[in-house]
Structure formats: C-alpha cells, structure tokens
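Reader: I am new to protein structures and would like to learn how to read one. Could you take me through this example?

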Amino acid sequence: MKKTISTAYERYDNAADFNSYAAKVIEGAKAQKMPIEEDENRVAKGLKGDLREALPAQLYAIIGAVATCVEQMEGERSRKDESQQDL
Amino acid sequence: MKITGLMKGLVSSLVTKKDRQAETAAEKKATTSRSHLPMDKIERLFEKHKVPLDNAKIKEIETFFDRSEGTEADKLKTLETTLEKGLDVKASELNDVHAALKEGATDFTVLLEEPAETAVAESDTETWVVALKLPEAVKDLLLEQLGKGIPLREVLTSTLKHFAKFLGVDGAKAESMTLGELVQTLKNMIQNMPVSELQKAVKAAFEALGVETPATASAPEVPNPVPAEAPVEVSPQPSVPANESGVGGRVVNPAATTEGEDKAPLEAAFESSDQQTASIVATALDEVLTRLEHMGALLEDTFDYKFFLVEVTTEKTIQAKANFKAFQEQVAPLLEPSVPPQKLAENIQTTIEALDKVILKTNVTLFTDMKMERDLLAASAELDKARTFIQKGDVASARALVEKVQKTVGKMTFEPSVKRVQAFAFQKGEMLEAAFKPKNAGPRAEQLIARQLQVLQGENGVRQAKDALDTLRFMGLNHEVEVAESLEGRRVQKNQDFFNHNVKEILLKLMKSEIDARQVEKAEGQLTNLSGQQSMNQQESGGQRGMHYFNYPVALSDGSLGEMKIYLNGARNGATMDYKNTALFFGVNTQRFGEVGIKVKTVMGQCDITVASKSGAALAPYFEPLKDVVEAAGLTLGTIAYEGTGAAPEAETKAQPRQTEGDEKGFDFKI
C-alpha cells in the first residue's frame, strides 16, 4: 500500500511536477507572510520529504534512544563535575 | 581524526581504499580536459551507481569542486551521496549536500531573533486574545478578524497599532512598538483619558476600519486583572476543546464574565472519570506557575498569563486524550480476528499505519511517558508478526495475535505524564515571554534549540520516537510540507503544539531583517545545510532501497550543543523505510568520550549493535536502554559489540567482524 506524504504528493506524484506546486506554495506563503525559500527547487524537495511518513515510529524510537544514550554519557560527567564542585 | 571520518563509508571502497594507495597515479590518467578533477574516481562512482556521465554533469561537478571548500575526499563523498540518493548532479545540489555532510555543519552560534509576532501558536490565538487585558470591544474586533482567517500576527500588529494611533500615539512610535508595549500603552491611555475623548477616539478608530462601532466601545472598560496571587483553578475552565479545524471553541476569560457562564462545554469534555487527567494538569501547572512567577512582573497587568496557561494546557491535554480515544475506536473493529484472511491482512496494515500515526502525528505521545509509546510499538510488532503468519498460511496464529492486540489496545488508557505536561506549560510560558520581550532580545540558536531539547524529553531525559521526530521538525526539516498543509487548510496534525516556529523559518526571517553581512552569511550557510539534509530526505519513488541523513542536535555535558550525524539506509516498504531491514549509523563528538560511532543494523528483524570509541566496553552501561527500545520495537536483539578504536575490540556478547557489505558503503568505525 503506497503511503502519501501530503495531498500535494498524491496530486503530483505521477506528474512529478513538484516545481509547479512549489511555485504555488511560495506564492501562497508570501501572501500569508509565512517564511519560505524563494527557490522553487529547494521548496520542491522540501515538499517531497514528509518526515512524519518517511520513517516508521520504530526507527525514530531508535534515533531517540541513541540520542538519550549519548546525552546520558555526557550528563553523567555534568553530575560528577557538579558533585565535585559541591565538595 | 575528524568525526566525519565516521561517515567516510559514504565514499565507495574503491575511493577510500584502493585510491588511497595510488591516488596520484590515477589523477594523471584523467581522460578529459578537466585535468584538475579526479576523473577516474568520478567515472567509477558513476559506473557504480549506473548513472551515465556526460559533459553537462562534468561541468556541474567542476563548478562544485572549484567553488566548494574541503578536501578532494570530502567532495567525492558528497558526489557519492548525491548519486546514491539519485539526486540531480548539479552544482547547486552538490553544494547543498556538501554543506550538510561536512563536520560541524550546524552552526549553533547564529543569532536568531525570535519574532514576537510568531511567538503564539496558531491554535492558541483565541485564548491569547481573550487573555489580553484590553476592552472587550477591541478583543471582539481582534477575534472577528481571526475568525476571517487573518493570521494573528497581522491582526495584532495592525489592529493594536491602529488603535494606538487613534488614541494619540505617534505613528512612527506605534510602528516600532513591541506587542507588550502596545498593549501596555493602550491600557494606560484608556485608563487616563477622559471618557468622552476616549469614546470619540475609539469610534473614529472603528470607523476608519470600516466597521460599525460596537456598543461596548461606547463605554470601554478595562477588565479587572486577575490578582497575581489568585489561586489557579485548573478544572474545569470555561473553554471548549479545540476541534479539528484548529481553533477551539470560544474562550471566555473568567475575569470578564459572570461566574458559571460558558462553563458547561468544558465540563462536558471532562468526563466524570477524567478527574485523574484534571488532577495531573493541576499538579503540573502548580509547579510551572511557581517557576514563572517572574512573568507577573514582565507582563505587569497587560496579560492574564495564568488564565492563558491553564486554558491552553487543559485544552491540549483533553485533545490528546480525545485523539487516543478516537484511535482506539478506529482500530477496535479493524482488529476483529474472525474476518477472512485477506481482509484481516488489509486490516492489519491499516492498523499498523494508525499506530504509526498515533505515535508520530498526534499529540498523544507528547503528553505520555515511554510506557505508552512502547506498548504501542509492541502492538505494531505483534501485528507485523500476524501479517507474516497470514503470508505463511497460518491464519489461526495470526488471528490469535490480532485478538491479543485488540484486547491490549482496548485496555490502554491515556495517562498524561506530569513531567510532560509541565514541559508543555513551561514552553508556552516561555513563548509568552518571547512575545512580550523588547525587540532584539532573541536567543541565540544554541539557546533556542537547547530549550527545545529540554521540552522534547520524558522522565529521566528519555527521548521517545515523537521527540526524535519533533527535534528534526523543530530544526525545520519538514517546514515546506507543513507550510503547504497550512495553506491547504489542513491543520489536523497540530504542528505547533510544542513549538510554534522552527529554526528554518526563523533563519528565513532573519535573512530579511537588518543584520550585518557576517550574520547573513551564517544564516545562508545554515539554510544550505538544512536544504542539503532535505535533499537527502526526499522520498524516492523508484527502487527498493532508500537512504536518509540528518544532523541531529544533542545536549553535551557543558550545556552546549553537539551535532550527531545520522546516516540511514536500507530496504523500503513502499514510501517508508522498512525498519526490519535498515542500518543506522550515528557519529558524534562527545566531550567525555571523544568521537563515538554507533551502528544499529537490522536484517530480517535481527538487530546487531556496534559502538566504536576509544573507551571500548566502558560505554556498555550507557547503551543498556537501547536494548530495551530495540526489543520494544519488535526486533530481535543479536549481538552488541564495543569496539575500541586504537585498542583491541571488546564485545559484550560476541564481537562481529567489521561489516563491509554493499549496503553499508564501507562505513568506517575506525577513528
């Protein structure tokens, strides 16, 4: 079953014409004063990658766990330094 | 050795090994007139990835090599990654990817001015306006304009400046005022002006806007501010939980209404059995409000921040609970085990997608602890096994598993974590400060990101799946998709529950403000880095394999931020990566243990972990929690090895030889 990244992806997947959609998004964002790049190519590639669907929850769980491990390694040093200072 | 050495496997083994030995000889044999380009290496990269190399591409590569910084190996690595991802070989694309791959790609020192106009999340705007201590007529006008879909930033800045001018504030001065200054000035003027003069000015202001003067404007009254020491009643508050269109029902400030008015809707939202949720919110807010007591001084009597925080926190918690209930109701019939095998397989797929959605796309896991997420991941893994049983023709086993999941999911209850609710409320409080602070007082990127990392974690600093995703979203890697969704009126996913602006959009704003050339250059560099990451995170439409790449911020021991590079490749399951056949590589320069590389490789559901550092097995205690997550994700934990870089490898179980097969691209753990 094919997942979609947005209505834009559904609409433009076959035509692979993200750039025309990107141009519309740039125009709409400007009208709404929403910050957006003005380069259609850059906006188009941003539209092609919805991170909420590119990776399943399991992979984000692993990324989060590794980040936690790394920060725990660093955090222990902080706590140790603090306790040494207390002494 | 640079941390990027951990990622050097992105360059093919042809380049990293063979060519290291005979580099100069190969360069002399360049077959084109671009003698300064390592053409033989470039040709081999194109051959390896089965991409035709023509003069147009060579010209683009030449431009990239001439204009970019870094070693030849670095540039070849960029080219290899671009080819691996299937991107167009253009100088601009190569430049973006190169900026993302380089060591220390993320410049956390770039100054960011947090724009006051965007400091309020769209979903909070109505509550925000109601909490402003302005005459009801002015607030009604603001709400009316919001109801027409005009963004808050426009409504607030234009309307309040407009009224300020009609009340006698110098036009230029009004234009330069912050939101807080505007509200304070208006309030002071209203209090000090003679009533007849005030009525005249307000009438003129409304007429100039082309609207009729509301009856309440003829005798403007300033609501009595809630005393700072007033006890905060958390439940129930006079509000209506937000609906799917994004803006909640009409919010009424208790300070401006008669007691009991408009309370019924929220009371209805809180079921009688929901006292536990209300109690958790109350407990969480009690501490948050104590920590934010200085807000009283900051806001003086212009804004009822306690009312605002209670409203938005209660509303979002109720909404998360409602989302979880809706998920349970959606999947309960899908998990009916007695349907025919084909239908069961379809239902399993739909339920797995719903599980992914409830974890990643709703605010459920933002308010709950890791147990809830792990239970949901475990349910997904069980369903995946059930799907495999169906494929093997063992429908009875599949049905048994599906029935088990049906019961498990049905029994799950939404229990918000006090820590998470506190983090949410505190974040909202800090947003208020940002909105009312004088201009040019914005934090550095490092402070902004560090603050967000504090929010996106659960008990004991554990970062869950949703936290990892939202960290990347906060960096701005999903900015365009979410802008497009907003423009299409698709606000279902509540993108701004925990942050209302991302680093990318603040950088874009920064580029348009008056900053010096050096800051412009820094901001441009960061936008290029983000764009390069987005290039590598586009979803591929063809082929069976995919790759992704992130520069992920992590908190270091001295309070600064470090950059963890994450490279991920493997099989795809449709447009999504197949977590049972994926390899993740992490590279980070820690302050305590130096450079650390982590590989988490899963083949057919069996996951092997390798940690490489100078400290070898001394790091083992820190990676214990990773085992639990791997198993909760439904993977079978194989080996976990600790390689000492510079010393003999040590292994907790059985050390694995260094993998060099094609899908790892010769990823090098040697530091």
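This is a predicted model: local features need pLDDT of at least 70, side-chain atom pairs count only at pLDDT 80 or more; totals for chains, interfaces and linings use all residues.

Reader: Which side chain does the side chain of B:D384 join in a polar contact, and at what distance?

Author: Residues are numbered from 1 along each chain as its sequence is written, chains are lettered from A and ligands numbered from 1 in written order, and side-chain values use heavy atoms, without hydrogens and water. A polar contact is a pair of N or O atoms within 3.5 Å; within protein, one must be able to donate a hydrogen and the other to accept it, and residues adjacent in sequence count only if both atoms are side-chain atoms. The partner of B:D384 is B:R387, at 2.5 Å.

Reader: Is B:D384 buried or exposed?

Author: Buried means under 20% relative accessible area, exposed over 50%, and partly exposed in between (1.4 Å probe, protein chains only). B:D384 has a relative accessible area of 7%, so this residue is buried.

Reader: Where in chain B is B:D384 found?

Author: Helices (H or I, at least four residues) and strands (E, at least two) are DSSP runs, numbered from the N terminus. B:D384 is found in helix 18, residues 370–391.

Reader: How many bridges join strand 2 of chain B to strand 3 of chain B?

Author: Two strands pair if DSSP finds at least two bridges between them. Strand 2 and strand 3 of chain B run antiparallel, and B:N573 has B:T576 as its bridge partner in strand 3. The number of bridges joining these strands is eight.
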